[in-house]
Amino acid sequence: MEANTRSTGRLPAAFLTPGSSSFIDFLSDHSPELLPGNRRLPEGIVEAPHGTTIVAATFPGGVVLAGDRRATMGNMIAQRDIEKVFPADEYSAVGIAGTAGLAVEMVKLFQLELEHFEKVEGATLSLEGKANRLSTMIRGNLGMAMQGLAVVPLFAGWDEGREKGRIFSYDVTGGRSEEHGYAATGSGSIFARGSMKKLYRDDLTEQQATTLVVQALYDAADDDSATGGPDMARGIFPIVTVITDEGFRRLTDAESSELARSVTERRLEQPDGPRAALL
């Protein structure tokens with residue numbers, strides 16, 4: 001194949017007429033070694049940076065997806081300002097937890113998968129279809145996950161058919177679950193989920209929803225050493241994104257820093273955060 005390509009200067013016909021709307025299936029047929037789950041690992045224990053806590057919450061006009069900025073490697077901080085939340089397409093986003101390098105690579109492949117489908121079919125996948133495609137990709141990484149290199153993302157987006165924001169969580173086998181109201185994944189998820197459980201309401205405004213996820217990330221960082229809280233000294237703040245019927249939007253650095261600073265200032269008065277009513 002390579003010799004033929006070099007001699008003619010043209011791509012093989014199979015590359016120009018894909019038989020499937022799935023780029024991953026196409027890659028599996030022609031260059032399976034390029035898929036993240038098919039990479040060969042070195043012998044012995046593999047130490048790699050891991051991303052930690054991702055949170056999401058719905059509100060009547062859409063959904064918020066956010067993540068802290070810390071990556072860890074064992075008991076060490078590997079990176080303080082890692083990017084963990086990415087747009088999948090115009091109306092959806094992915095937050096990554098797990099092995100950082102594989103997770104970022106999977107997100108890029110997922111973005112390409114959705115773009116490929118749209119170009120081949122002339123239409124976008126439904127939000128449900130996007131969630132299913134991501135499930136298949138995670139399942140393809142099961143071999144790596146069994147060796148300690150798991151990727152467990154959180155997927156959120158605006159469902160144009162149902163006209164609401166939706167959240168999907170996954171396990172390492174690719175099992176998919178729809179979450180209602182709020183969700184969290186990563187090492188600090190148990191603390192973030194507990195925080196949101198007491199503060200979430202189904203009538204939140206967008207501003208309240210973004211405040212909620214920052215409060216949840218703060219609580220996660222308070223109890224989980226692998227989750228990073230707002231870093232005032234270095235100017236590192238959570239990534240907060242909003243997806244509505246107008247599409248994906250990431251809060252600017254000024255917006256996220258203002259939000260994080262306001263939450264932190266309130267914590268000086270109430271270190272444990274807002275109080276929920278007993279009844």
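1. Glu-269 and Arg-266 sit 3 residues apart in helix H9 (residues 253-269), so about one helical turn separates them. Helices here are DSSP runs of H or I with at least four residues, and strands are E runs of at least two, numbered from the N terminus. The two side chains form a salt bridge, N to O 3.1 Å. The term means a side-chain nitrogen of Lys or Arg within 4 Å of a carboxyl oxygen of Asp or Glu. Glu-269 is exposed at 58% relative accessibility; Arg-266 is partly exposed at 48%. Buried is under 20% relative accessible area, exposed over 50%, partly exposed in between (1.4 Å probe, protein chains only).

2. A note on the basis. This is a predicted model: local features need pLDDT of at least 70, side-chain atom pairs count only at pLDDT 80 or more, and totals for chains, interfaces and linings use all residues. Residues are numbered from 1 along each chain as its sequence is written, and side-chain values use heavy atoms, with hydrogens and water left out.

3. The salt-bridge count is 16. Glu-128, Asp-159, Arg-166, Arg-176 and Glu-178 belong to one network, joined by bridges that share partners.

4. Arg-249 pairs with Glu-206 in a salt bridge, 2.8 Å from N to O. Arg-249 is in strand S14 (residues 247-250) and Glu-206 in helix H8 (residues 206-223), so this pair ties together parts 43 residues apart in sequence. Arg-249 is partly exposed at 35% relative accessibility. Glu-206 is also partly exposed, at 30%.

5. Arg-201 bridges to Asp-203, with the closest N and O atoms 3.0 Å apart. Arg-201 has 40% relative accessibility and is partly exposed. Asp-203 is partly exposed too, at 46%.

6. Helix H7 (residues 189-199) has buried residues at Ser-189, Ala-192, Ser-195 and Met-196. Down the axis of H7 they fall within an arc of 130°, so they line one face of the helix. The arc is taken from the directions from the helix axis to the C-beta atoms. Ile-190, Lys-197 and Lys-198 are exposed on the other side of H7.

7. A surface patch of negative charge gathers Glu-90, Glu-118, Glu-160, Glu-163, Asp-245 and Glu-246. Patch members have over 30% relative accessible area and no salt bridge; like charges are joined within 9 Å, and nonpolar side chains (Val, Leu, Ile, Met, Phe, Trp, Tyr) within 5 Å. Asp and Glu count as negative, placed at CG of Asp or CD of Glu. Glu-160 lies in the loop between strand S9 (154-159) and strand S10 (164-170).

Conventions
Accessible areas come from the Shrake-Rupley method with a 1.4 Å probe; for residues, only the protein chains shown count as cover.
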